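User: I should like to learn how to read the features of a protein model. May we work through some examples together?

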Amino acid sequence: GRNTKEYEGHLYSVISGTFEVSETREININDVLHVEGNVDYSTGNITFGKDVIIEGVVKDGFKVAVGGSLYCKSNLDASDVICRKDLIAEQGIIGRGLAIIRVGGKLETKFIENCHVESQTGIKVEKNIMNSQIFTLGHLNLGEKGSIVSSHIFSELGVTAHSIGKPGSPSSEISIGFSFIEKRSLESTIQRVDVLKEKFRKLNNIPDYRKTDSKLKLLEQIEAVVKKGEEEIDLKRKNLYHFPDVTVNVTGTIYSGNIITICGVSHSVTSDISRIKFFLDKETHRIETTPLV
């Protein structure tokens with residue numbers, strides 16, 4: 001059958017895939033896993049090295065790990081999804097606040113609610129994003145109808161949405177112009193250096209008569225590592241913002257109280273504004289606006 005090879009009386013699979021015996025007793029290895037129903041207790045968690053198609057719903061609490069692309073025809077009610085390539089959720093993505101979805105390629109869906117979502121390439125959402133944290137190294141596009149409500153957005157290449165915020169709802173913050181991966185690396189280095197500084201302070205504050213040669217040597221070593229770490233922090237900060245020309249485009253209305261941050265410069269929206277573009281003025285180092293044509 002497909003993707004098999006016979007050698008010295010044994011049958012081998014030539015790819016990583018799923019084992020299938022046809023009605024004619026032909027043995028095939030499929031490089032696409034097709035789940036015709038739901039991902040639930042009948043299937044258990046899904047781990048597959050190639051593409052996966054799920055006809056039903058991914059139930060809350062079940063994990064999906066895919067080495068290729070993932071295509072869901074119903075709601076993705078997920079708690080933990082890892083997809084190395086693209087993720088297409090035809091209906092929407094619903095979490096329970098702790099849901100984490102990581103996509104190596106692009107992500108396309110109708111809506112995202114109560115999730116932590118990461119995409120290496122870009123995200124396209126047809127309707128809305130609510131109560132979520134969205135991270136992408138590409139562009140977040142909600143087109144002419146989509147809205148962002150009570151969410152934090154981190155998009156390296158900018159955001160396009162119909163509306164941002166909603167009267168009476170918690171504010172949203174849109175941060176663009178930097179890699180969230182590099183920012184996490186910076187924050188991790190800062191945390192590591194702060195721990196070493198505290199350790200240095202405690203060792204340095206002990207009485208001189210208790211400072212043995214080994215402790216003095218340890219102080220010197222910590223001081224050297226802290227200095228190297230601070231130099232690393234300065235370098236990472238200088239190289240964090242690669243795209244100062246990115247913009248936030250709002251084709252409908254952005255409501256008062258929401259925050260726009262471009263390359264580390266923040267601007268709080270103080271009144272409702274319609275059909276507006278936010279950009280960073282590199283001369284004044286301030287966020288400015290211009291009407292959308």
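User: Where does Cys-263 lie?

Analyst: Please note at the outset that this is a predicted model. Cys-263 is placed in the loop that joins β23 (259–262) and β24 (265–268).

User: Is Cys-263 buried or exposed?

Analyst: The relative accessible area is the value to read, and a residue counts as buried when it is under 20%. Cys-263 has a relative accessible area of 8%, so it is buried.

User: What is the phi of Cys-263?

Analyst: Its phi is near 50°, a positive value in a residue other than glycine. His-285 is a further case, with phi near 55°, again positive in a residue other than glycine. That residue is found in the loop between β25 (273–281) and β26 (286–291).

User: How does one describe a pair of aromatic rings?

Analyst: One gives the distance of the centres and the angle of the planes. In this model the count comes to 5 aromatic pairs. In one of them, the rings of Phe-135 and Phe-154 have centres 4.7 Å apart and planes at 5°. Planes under 30 degrees apart count as stacked, so this pair is stacked.

User: Which parts of the chain does the pair of Phe-135 and Phe-154 tie together?

Analyst: Phe-135 belongs to strand β16 (residues 133–136) and Phe-154 to strand β19 (residues 152–155), so the pair ties together parts that are 19 residues apart in sequence. Both Phe-135 and Phe-154 are buried.

User: What kind of aromatic pair do Phe-154 and Phe-178 form?

Analyst: Theirs is an edge-to-face pair, with 6.4 Å from centre to centre and 75° between the planes. Because Phe-154 lies in strand β19 and Phe-178 in the loop between β21 and α1, the pair ties together parts that are 24 residues apart in sequence. Ring pairs link Phe-135, Phe-154, Phe-178, Phe-180 and Tyr-241 into a cluster.

User: Which charged end sits over the ring of Phe-135?

Analyst: The charged end of Arg-184 does so, 4.8 Å from the centre of that ring.

User: With which residues is Phe-178 in contact, leaving aside its neighbours within four places in sequence?

Analyst: Phe-178 is in contact with Phe-154, Glu-156, Lys-183, Leu-240 and Tyr-241. Its relative accessible area is 4%, so Phe-178 is buried.

User: What does the side chain of Thr-253 make a polar contact with?

Analyst: The partner is the side chain of Ser-274, at 2.9 Å. Thr-253 has its place in strand β22 (residues 248–254), and with a relative accessible area of 17% it is buried. Not counting residues up to four places away in sequence, Thr-253 touches His-162, Ser-163, Ile-164, Asp-272, Ile-273 and Ser-274.

User: How many Å should helix α2 span, and what is the distance between its end C-alpha atoms?

Analyst: One compares an expected span with the distance in the model. The expected span is 1.5 Å times one less than the number of residues. Helix α2 (residues 213–238) has 26 residues and should therefore span 38 Å; its end C-alpha atoms are 38 Å apart, which agrees.

User: Which residues of α2 are buried?

Analyst: They are Leu-219, Ile-222, Val-226, Gly-229 and Ile-233. What covers these buried residues includes α1.

Key:
Residues are numbered from 1 along each chain as its sequence is written. This is a predicted model: local features need pLDDT of at least 70, side-chain atom pairs count only at pLDDT 80 or more; totals for chains, interfaces and linings use all residues. Side-chain values use heavy atoms; hydrogens and water are left out. Buried means under 20% relative accessible area, exposed over 50%, partly exposed in between (1.4 Å probe, protein chains only). Contact means heavy atoms within 4.5 Å. Helices (H or I, at least four residues) and strands (E, at least two) are DSSP runs, numbered from the N terminus. A polar contact is a pair of N or O atoms within 3.5 Å; within protein, one must be able to donate a hydrogen and the other to accept it, and residues adjacent in sequence count only if both atoms are side-chain atoms. Rings of Phe, Tyr and Trp (its six-membered ring) pair if their centres lie within 6.5 Å; planes under 30 degrees apart count as stacked, over 60 as edge-to-face and the rest as tilted. A charge sits over a ring if NZ of Lys or CZ of Arg is within 6 Å of the ring centre and within 35 degrees of the ring normal.
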